[in-house]
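Hi everyone, thanks for coming.

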Amino acid sequence: MVGKKSLGLMIMLAVLVYAVAAGAAGFPERNLQGIIMWGAGGGTDGVSRAITPNVEPILGKEIVMVNKPGGTGAIATQFVHSSASDGYTLLFGAENPQLYGVLELSKLSYNDFYPVNILARGQVVIIANNDTPWKSLKELVADAQKRPGKIKMGSTGPGGVPYVVGMLMKTVTGFDVAPVPFDGDGPGITALLGGHVDFIPVNLGAASEHIRAGRVRPLAVVDSKELVGNGYTVPPITQDFPEFGKYVPWGPFFGVWCKNDVPDEAKKVLVEAFKKGAATDRFKDFVASKEAVLMNISGDEADKYLKKWQSVTTWLLQDAGATKVSPADLGIPRP
Amino acid sequence: MTGSAISYFFMAWTDMSLLFLTAIGTFAGIYIGAIPGLSVTMAVSILISFTFSWDVNAALALMVGVFCGGVYGGSRSAILLNIPGAPASIATSFDGFPLAQRGEAGQAIGISTIVSGIGGFLGIIVLAVAAPTVAEFALKFAPRDYLLLALMGLLLVGSLSGESMAKGVFAGALGVTLGMVGMDPMTAEGRFTFGYVSLLGGIHFVVAMIGLFGVSEALFQLHSINLKPVKQDVSKIVPSWKVILKYLPISLRCSLIGVIIGALPGTGGDIASLMAYDHAKRTVKNPSRPFGQGAYEGLIAPESANNAAVGGAYIPMLTLGIPGDAVTAVFIGALYIHGLKPGPMMMIDTPYMFWFMVGNLVLANTFMVLFGLTGIKIFARLVEVKKGILIPCIIVLSIVGTYAINNSMTDVYWMLCFGVCGYLLKMFGYQVAPIILGIILGPLMDQSYRRAIMSTEHNFGLFLLDLVKNPLTCVLTIVVLFMIISNTRLWPKLLGMFSSTKRS
């Protein structure tokens with residue numbers, strides 16, 4: 001009896017030891033799943049699909065990519081959060097979850113996830129239709145104050161890049177323009193080119209070729225440094241309005257997350273793989289062609305960046321009166 | 001310069017591997033397109049990762065093939081099973097399926113293949129000779145013009161109502177309401193979500209389409225499960241020149257509609273084919289049979305238009321770097337990954353890419369017609385399969401296809417619910433097509449109207465003035481008004497008044 005029992009115990013122990021050893025050495029044992037929070041063809045989709053082929057050879061497994069758009073990414077975020085905490089389901093996303101709380105879209109934010117890698121951040125430029133008279137942001141703001149509500153600004157729904165920068169401009173300059181929301185950067189620029197809106201703040205990646213072709217006029221970059229592009233320069237937003245200084249550089253970011261309670265071994269493997277993948281020339285070239293800034297940060301450094309971004313942006317929206325829940329109620333400190 | 005353009009145009013033709021990849025892509029595309037739920041958008045985005053390490057030309061050759069084949073492939077399942085394989089072939093099922101029920105599935109596929117080819121080539125010709133002009137024209141469309149286009153599409157409810165206009169209007173309104181479910185993209189407010197995060201994404205219209213067409217049709221056919229399937233006549237599947245020439249004018253007109261709607265950044269093949277169907281129904285005085293009962297004109301119109309929309313969608317992509325539809329949005333991403341910069345400078349920096357893609361499209365279109373015309377006999381026999389076997393297969397296919405859209409079980413539940421509701425609606429004489437029309441066009445109408453009114457500082461008077469002030473908008477407004485008035489009792493009286501004043 002005793003013999004049988006101890007044999008059973010030994011087998012169990014052996015299985016356990018094996019399992020632990022395998023868990024430590026073997027991640028990943030099977031293919032991973034990557035959930036992209038925006039639809040095919042968008043900015044997040046592009047970055048996600050550009051990084052994975054560089055990471056797969058390092059992991060030795062494939063990452064099967066799935067688009068799960070909807071609710072500005074809230075559905076994908078929820079999905080990854082309710083999946084198993086084994087590190088096999090990754091969230092490929094943009095900055096949006098940091099605003100879910102104040103916009104009352106979801107209770108989740110990146111605080112509930114572990115940043116495997118923040119790959120890149122985008123730069124934002126304010127561009128105007130060529131038929132408008134403004135040569136600088138100052139002239140635009142002066143004109144807007146002269147005829148309030150008459151100038152049309154291309155925007156997006158709450159939380160989008162043009163929306164947030166529009167709010168930022170409103171907070172700092174106090175101008176009054178008519179925002180017309182479109183589905184994103186692409187449709188917004190299309191409306192600008194057609195003259196259906198007068199100006200729009202957008203991702204540089206979406207606008208740079210139009211600036212280079214001279215089809216739109218850049219007024220300012222949302223940064224404290226001048227933007228030197230391919231054959232053009234754009235003055236910093238702080239040149240005309242130094243008050244923007246405490247908010248800039250502001251822009252969207254893209255990255256990869258896993259659940260907070262994924263085993264540390266798996267986190268380590270993922271972090272290393274994405275760190276190497278993001279350092280490949282192929283990915284660097286991709287980021288450069290999108291006019292974005294390579295970040296390639298993870299762990300605490302990424303956490304700090306995320307917290308700062310959330311604090312700056314949520315309080316900015318709060319001050320502009322665009323939130324449903326105050327960031328103070330969510331425990332987000334004022335910057 | 002011209003020499004290199006020609007050499008790039010024929011590059012995919014002369015390079016064996018590119019030729020082969022285009023062929024493979026087109027062949028695969030036809031089957032991806034035929035399976036509802038498996039979309040071309042999805043296939044092309046998977047191909048981005050798959051072709052990551054390839055040469056850009058090879059990657060594009062494969063993707064272009066899938067695009068062309070996929071748009072065409074959707075008609076197969078629409079004709080044979082009454083399940084549109086893609087939203088762009090919804091209108092195809094209106095007359096395509098009745099044709100199959102009459103035993104003319106082979107002929108229907110044959111003629112739809114030929115007109116798809118005609119549409120495709122017309123789209124490419126417009127792309128090659130007038131891309132910059134058409135792109136500038138497309139930019140002129142303001143939110144108010146999209147509103148008018150959506151209205152024009154919605155007026156199609158009148159033609160699709162079946163026995164009762166009131167029931168058609170009800171179905172259309174139901175569709176518009178369903179289209180509103182989910183997060184309002186302008187205010188980030190949940191509409192009809194009842195607090196569920198899974199409803200924030202809204203109801204994908206393909207989900208509704210598969211349920212309302214596929215499952216409800218399968219359930220409906222249970223009534224006649226013991227009826228012997230119609231014997232298919234597969235003797236004359238490739239249409240004769242005489243037939244092609246007879247339908248050429250309508251095919252060309254609808255192709256033109258397809259190119260323009262395809263080139264508009266806010267609309268794609270689905271709306272193009274519906275508008276083309278509507279156009280055919282209004283302009284063809286003596287169709288081969290009444291529309292909705294197997295009129296060839298009703299099959300030709302949407303099939304010409306949706307393939308012409310492919311060339312149309314390329315126009316803003318290649319000239320401005322703006323996607324013309326969902327698939328070209330993914331193409332733009334692929335071009336970036338391969339180190340190209342789609343945008344207004346692409347035609348200047350890398351003009352050869354333009355000619356390579358045009359040449360590749362021509363090749364893919366040729367393969368599409370070739371592959372389309374082979375194997376029709378086997379496909380047509382699909383309709384002859386015993387219903388006891390066919391119906392479960394349709395339901396399984398519908399579930400798998402629905403799950404594949406967003407990998408979501410919520411979608412599958414919605415789809416099944418749509419199937420049962422669609423069946424009940426059919427039992428009581430309601431048509432399901434207006435519901436889909438509402439789901440597709442409702443959000444476009446809603447958002448365009450709100451954009452238009454926001455552009456006029458919420459001033460309704462100014463908005464009405466806008467509708468007649470701009471020449472393009474004015475034309476569209478007149479068309480919409482004509483479409484409405486010409487269907488009322490007022491119209492004959494007006495005509496009478498006009499002719500009597502002329503006489504006096």
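Before anything else, a quick definition: a residue is called buried if 20 or more other C-beta atoms lie within 10 Å of its own, and exposed if there are 12 or fewer. And keep in mind that what you see is a predicted model.

With that cut-off, let's look at chain B. Of its 504 residues, 58% are buried. What is chain B built from? It has 24 helices and 2 strands. Its radius of gyration is 22 Å, close to the 23 Å that the globule rule gives for 504 residues, so chain B is as compact as a globular protein of that length. If you follow the C-alpha trace along its principal axes, it spans about 60 × 60 × 60 Å. Now think about contacts in chain B with a separation of 6 or more: 78% of them are between residues 24 or more positions apart.

B:Ala364 sits in helix H17 of chain B, residues 351–373. Buried or exposed, this B:Ala364? It has 28 other C-beta atoms within 10 Å, so it counts as buried. Leaving out residues up to four places away in sequence, B:Ala364 touches B:Thr22, B:Thr26, B:Val64, B:Gly65 and B:Cys68. And look at B:Leu62: it is 302 residues away from B:Ala364 in sequence, but the two are 9.2 Å apart in space, C-alpha to C-alpha.

Still in chain B, let's talk domains. Domain 1 covers 2–469, and domain 2 covers 470–504. Their C-alpha centres lie 32 Å apart. Where they meet, domain 1 of chain B puts in 13 residues and domain 2 of chain B puts in 11 residues. On the domain 1 side, helix H8 (143–154) and helix H22 (460–469) of chain B each supply at least two residues. Which one gives the most to that side? That's H8(B), with 5 residues. Sort that side of domain 1 by class and you get 7 nonpolar, 1 polar and 5 charged residues.

Okay, over to chain A, and its sheet. Six strands form an open sheet here, in the order S2-S1-S3-S12-S4-S13, with mixed pairing. At the edges are strand S2 (63–67) and strand S13 (293–297) of chain A, each pairing on one side only. From one strand to the next, the twist averages 25 degrees. If sheets are new to you: strands pair through backbone hydrogen bonds, either parallel or antiparallel. Strands S4 (residues 113–121) and S12 (residues 253–259) of chain A run antiparallel, with 7 bridges joining them. Within that pair, A:Pro115 stands opposite A:Trp257. Packing on the sheet is helix H3 of chain A, residues 74–81, which touches S1, S3 and S12 of chain A. The direction of H3 makes about 155 degrees with that of S3(A).

How do the two chains meet? In this model, 46 residues of chain A are in contact with 44 residues of chain B. The largest share, 6 residues, comes from H2(A). By class, the chain A side divides into 18 nonpolar, 18 polar and 10 charged.

As background, most residues other than glycine have a negative phi, and most peptide bonds are trans. Now the exceptions. A cis peptide bond joins A:Phe27 and A:Pro28, with omega about -5 degrees, and A:Pro28 is in the loop between helix H1 and S1 of chain A. Another cis peptide bond joins A:Val248 and A:Pro249, with omega about -5 degrees. You'll find A:Pro249 in the loop between strand S11 and S12 of chain A.

For phi, take A:Thr72: its value is near 45 degrees, positive in a residue other than glycine. A:Thr72 is in the loop between S2 and H3 of chain A, and it is buried, with 29 other C-beta atoms within 10 Å. Then there's B:Phe194, not a glycine either, with a positive phi of about 50 degrees. Its place is in the loop between strand S2 and helix H11 of chain B. Why do we call B:Phe194 exposed? Because it has 7 other C-beta atoms within 10 Å, and exposed means 12 or fewer.

Notes
Residues are numbered from 1 along each chain as its sequence is written. Chains are lettered from A and ligands numbered from 1 in the order in which they are written. This is a predicted model: local features need pLDDT of at least 70, side-chain atom pairs count only at pLDDT 80 or more; totals for chains, interfaces and linings use all residues. Two strands pair if DSSP finds at least two bridges between them. Helices (H or I, at least four residues) and strands (E, at least two) are DSSP runs, numbered from the N terminus. Axes are lines fitted to C-alpha atoms, for helices over the stretch in contact, and angles run from 0 to 180 degrees between N-to-C directions. Two residues are in contact if their C-beta atoms, placed from the backbone, lie within 7 Å. Domain bounds come from an automatic or database domain assignment. Ala, Val, Leu, Ile, Met, Phe, Trp, Tyr, Cys and Pro count as nonpolar, Asp, Glu, Lys and Arg as charged, and the others, Gly among them, as polar. The radius of gyration is taken over C-alpha atoms; the globule rule is 2.2 Å times the number of residues to the power 0.38.
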